[in-house]
Amino acid sequence: PGFGLLPVSEAMVSGAGIAEPVSTGTLVAAGSEVWWVGPNQDGHRVLRAGGAILGLQSGHIDVDGVMDAVAWTDSIVFLLRGRVGGGMAWAGGVTTKDFAVGGAAIGELNGDNLPDLEIAWAAVDGVSMLDVWNGDGLLSFTPAEPRSLPRVPISISIGDQTGEGRNQITVLNDDASWARFIGGTELKYMPIGPSTPEEIAIVTNSTVDSRGDLNNDGAEEM
């Protein structure tokens, strides 16, 4: 009551696992589908994937002022573009036969104030990879030099965790350690640590997320 959101189907509600806010309402992941629910409008499906939705994150992938989103299964990252009148439109997808998706995020990394795309690729056998795509704000991206990851990634986050004044990438690994990267020279990202402090117990099915500076100390909490 008070939010103007209308009830949606029982099938969607019973399987809902992740919710993310967008400019026009809320995105909800349920099973292999993503639904949009907006004020005083009927909720409707905006994505049906070929496998279970493992992650969902809202943000900007272009500069039209309407929030967008990324969703991913174990094999593909979907880009969803927000619509002014509500709902989401298809914007693209990223996949590879050589890796599984360990996590994805959208956030500005290279100081140009334009949104970038970040994907952690998990290798079943071999070396896992961090993939960064620098965006131009118009849904076109330039790939940066990939970086190898020491462990299998299970989640990824963007934020200024160290108070540098610019965002870093934090990758959570399957052994509860993490790796962190920051932009260096053009289209290159360098590791800056750290290993996880021993006094923090992180279970292996965790996720890592950054939503801003909660205690006003100049660095974003995680």
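This is a predicted model: local features need pLDDT of at least 70, side-chain atom pairs count only at pLDDT 80 or more; totals for chains, interfaces and linings use all residues.
Biologist: What makes the Phe78 and Trp90 pair edge-to-face?

Modeller: The ring centres are 5.9 Å apart, and the cut-off for a pair is within 6.5 Å. The planes sit at 65 degrees, and over 60 counts as edge-to-face, so that's the label the pair gets. A search of the whole structure turns up one aromatic pair, and this is it.

Biologist: Which parts does that pair tie together?

Modeller: Phe78 lies in strand S7 (residues 76-82) and Trp90 in strand S8, so parts twelve residues apart in sequence get tied together.

Biologist: How do you know whether Phe78 is buried or exposed?

Modeller: Its relative accessibility is 7%, and buried means under 20%, so Phe78 counts as buried. Trp90 comes in at 56%; exposed means over 50%, so Trp90 is exposed.

Biologist: Why is S8 called an edge strand?

Modeller: The open sheet runs in the order S5-S6-S7-S8, with antiparallel pairing. Strand S5 (55-59) and strand S8 (88-95) each pair on one side only, and they are the edge strands. From one strand to the next, the twist averages 20 degrees.

Biologist: How do you know that S5 and S6 pair?

Modeller: Pairing needs at least two bridges, and five bridges join S5 to strand S6 (residues 68-72). The two run antiparallel, with Gly59 opposite Asp68 in S6.

Biologist: What makes strand S9 largely enclosed?

Modeller: Of the eight residues in S9 (residues 100-107), seven are buried, so the rest of the structure largely encloses it. S9 also pairs with strand S10 (residues 116-122) in the antiparallel sense, over seven bridges. Val101 stands opposite Trp121 in S10.

Biologist: Why is Glu33 with Arg48 called a salt bridge?

Modeller: Their closest N and O atoms are 3.3 Å apart, and the cut-off is within 4 Å, so the pair qualifies. Glu33 is in strand S3 (residues 33-37) and Arg48 in strand S4 (residues 44-48), so the pair ties together parts 15 residues apart in sequence. Glu33 counts as buried at 16% relative accessibility, whereas Arg48 counts as exposed at 57%.

Biologist: How many salt bridges does the structure hold?

Modeller: Ten. Among them is Asp209 with Arg211, whose closest N and O atoms are 3.1 Å apart. Glu20, Asp209 and Arg211 are linked in a network of salt bridges.

Biologist: What makes Asp209 partly exposed?

Modeller: Its relative accessibility is 34%. Buried needs under 20% and exposed needs over 50%, so Asp209 lands in between and counts as partly exposed.

Note on methods:
Residues are numbered from 1 along each chain as its sequence is written. Side-chain values use heavy atoms; hydrogens and water are left out. Helices (H or I, at least four residues) and strands (E, at least two) are DSSP runs, numbered from the N terminus. Axes are lines fitted to C-alpha atoms, for helices over the stretch in contact, and angles run from 0 to 180 degrees between N-to-C directions. Buried means under 20% relative accessible area, exposed over 50%, partly exposed in between (1.4 Å probe, protein chains only). Rings of Phe, Tyr and Trp (its six-membered ring) pair if their centres lie within 6.5 Å; planes under 30 degrees apart count as stacked, over 60 as edge-to-face and the rest as tilted. A salt bridge is a side-chain nitrogen of Lys or Arg within 4 Å of a carboxyl oxygen of Asp or Glu.
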